[in-house]
Amino acid sequence: LGRNHVFDSIAGMTAALIGGFVAAYFGLTFTYWISLVGVAVAFFLTFFLRDLPKATATGETDFWKHIAEAFHFLRSHSSIQFILLYGIVIASTWVYVDEYWQIYLDDIAIPIALFGFYSVGSQLLDSLGGMFAYKLKEYFSYRILFSVLILLSALSILAASLFTSWIGVVLLLGIHIVFGVTQPLVSGYLHHRTESHHRATVDAFQQLAMRGATIIVGLAFGFIATRFNIFIGFRFLSGLLAVYAIFYCIAQFRFLRIDNA
């Protein structure tokens, strides 16, 4: 998986660098025609795929019984619920920074040809944050790490919305390393404290709740950014994180009773 991620990142960064210049010189729609070639090649490769023999499952549990057991497990572990909510809030807010940075760069008059460099930089910083996230646990507790990360996320998005220049671009890039650190720390906390036979189901609960939260945040963000501008939209996202950060910093002492174990 790690090697696959490396190849995927290299392909993505190469496409981003080339795509920025292609869009600048030949127009945005031309990049779609180029992408169509890649899709055609991928479709051709599917004819060479072969299914693996299906393993015979043993000891299966009834689906609804398994869901009920996993839900009961979540209800009885408040600290897991707390960090589950933390991950949902971060992800449902972050996705709109990650998806709409192009509009941000365009609104502060950054040439389209340079968009690829931003994309490459964001992927590198995200990967860098993920690579060294586990190291931070050797020096800081989860309580401190999660507090600092949520506050940094809120402040970085707010600062990027205020400094509408190259400074804002640098600040926006900095958020990627913060999110790169946050993802594995949240997943690690949840996985180390969730029983193995409930882990996949708890992940599924988190994904379902995250998508619901993303829809709600997206409706509000889309309305605000369209009615005003992308900068006000980012301030709205920052405000959401700031409100949750206050709640988190107050409530964490009740829920986060376990250290880095």
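Contact here means heavy atoms within 4.5 Å, and helices (H or I, at least four residues) and strands (E, at least two) are DSSP runs, numbered from the N terminus. The structure is a predicted model, in which local features need pLDDT of at least 70 and side-chain atom pairs count only at pLDDT 80 or more, while totals for chains, interfaces and linings use all residues. Residues are numbered from 1 along each chain as its sequence is written, and side-chain values use heavy atoms, with hydrogens and water left out.

**Exercise 1. Determine how many helices and strands the protein chain has, and what share of its residues counts as buried.**

Solution. The protein chain holds ten helices and zero strands, so that DSSP runs of the helical kind alone need to be followed from the N terminus. For burial, the cut-offs are under 20% relative accessible area for buried, over 50% for exposed and partly exposed in between (1.4 Å probe, protein chains only). With these, 38% of the 261 residues of the protein chain count as buried. Among the contacts with a separation of 6 or more, 82% are made by residues 24 or more positions apart.

**Exercise 2. Describe how helix 6 and helix 8 pack, and which residues meet.**

Solution. Start with the geometry, where axes are lines fitted to C-alpha atoms, for helices over the stretch in contact, and angles run from 0 to 180 degrees between N-to-C directions. The two helices pack at an angle of about 40°, with their axes 7 Å apart. Next, the residues: Y118, G121, S122, L125, D126, L128, G129, G130, A133 and L136 in helix 6 meet V169, L172, L173, H176, I177, F179, G180, V181, Q183, P184 and L185 in helix 8. Finally, the residues of this contact divide into 13 nonpolar, seven polar and one charged, where Ala, Val, Leu, Ile, Met, Phe, Trp, Tyr, Cys and Pro count as nonpolar, Asp, Glu, Lys and Arg as charged, and the others, Gly among them, as polar.

**Exercise 3. Locate the largest nonpolar core, and trace the surroundings of Y86.**

Solution. A nonpolar core is a set of buried Ala, Val, Leu, Ile, Met, Phe, Trp, Tyr and Cys residues joined through side-chain atoms within 4.5 Å. The largest one has 50 residues, and those with the most contacts inside it are Y86, Y104, F146 and L172. Among the elements that give two or more residues to this core are helix 4 (78-99), helix 7 (142-162) and helix 8 (166-193), and helix 8 gives the most, with eleven residues. Leaving aside neighbours within four places in sequence, Y86 is in contact with F146, L149, I150, T182, V186, Y244 and Y248. Taking T182 from that list, one finds it in helix 8, where T182 counts as buried at 2% relative accessibility. T182 in turn touches Y86, I90 and L149, not counting residues up to four places away in sequence.
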